[in-house]
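Hello,

Here is the structure I promised to pass on to you. Have a look at it first, and then read on for what turned up.

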Amino acid sequence: MKALEAPLRQGLVALGLVLADDQVSRLLDYLALIQKWTKVYNLTAVRDPAEMLTHHLLDSLAVISSLRRQMEIKASDAEHAVTTGLRLLDVGSGAGLPGVVIAICCPEITVHCVDTVAKKAAFIQQVAVTLKLPNLRGVHARVESLTDKYQVISSRAFASLSDFTNWSANALAEQGVWMAMKGKHPADEIAALPPSVSVFHVEQLDVPGLGAERCMVWMRPLVLG
């Protein structure tokens, strides 16, 4: 994976992200773990390391700036300030995308990656131990069964916006938000959302080298009068 360090660093510059050397090393080690485990557990259909860099790492890294901006806005609002450590739930996390990437880039955020497939949750646990990420945990469960609360709930190519918000609603903390990674602007899915869910921001994401549309849809519960 050492050969991917230069293109990874170029991608970080393109995304406007500044990471410490140990974070860059962890990202490359994480990619190596995906490649190793995929041989046995079929974690991902993408097998070529260069494609994995673009389709997995850079695709997930593209959300970091958006996430940080939203959390800064949230923290600056005294009424909604997060007084304890921020907790993020990544739903249908699979190989840990974007959950593991968020855990590496944002060590101040506690990240739980939930998946219904036991081997995928076990992989996340292995990543947490191998890369020494105390803020990362794999959870083998259905998201509907979770009782813990999270300020942010994320998903990447998981389900329709309606299903995603419905299934994870019980895990959303008060004043919490949903962030959903999508391809092109999901106008139909947004239109199909129930009145109880409000879309407050849609941000286009430019993933270096991907050549495909990506966007982030930010949502929150709407308190109906």
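Let me begin with S93, which sits in the loop between β1 (87–91) and α5 (99–105); helices (H or I, at least four residues) and strands (E, at least two) are DSSP runs, numbered from the N terminus. S93 counts as buried because its relative accessibility is 4%, where buried means under 20% relative accessible area with a 1.4 Å probe, protein chains only. Beyond its neighbours within four places in sequence, S93 is in contact (heavy atoms within 4.5 Å) with C113, V114 and D115.

A word on the source: this is a predicted model, in which local features need pLDDT of at least 70 and side-chain atom pairs count only at pLDDT 80 or more, while totals for chains, interfaces and linings use all residues. Residues are numbered from 1 along each chain as its sequence is written, and side-chain values use heavy atoms, with hydrogens and water left out.

Next, strand β5 (residues 172–182): nine of its 11 residues are buried. Strand β4 (residues 150–156) pairs with β5 in the parallel sense over six bridges; pairing takes at least two DSSP bridges between two strands. Here R156 stands opposite M181 in β5. With strand β7 (residues 214–221), β5 pairs in the antiparallel sense over five bridges, and M179 stands opposite W218 in β7.

As for the whole chain, there are eight helices and seven strands. The C-alpha trace spans about 55 × 35 × 35 Å along its principal axes, and 51% of the 225 residues count as buried.

Enjoy exploring!

Note on methods. Buried < 20%, exposed > 50% of the residue type's maximum accessible area, 1.4 Å probe, protein only.
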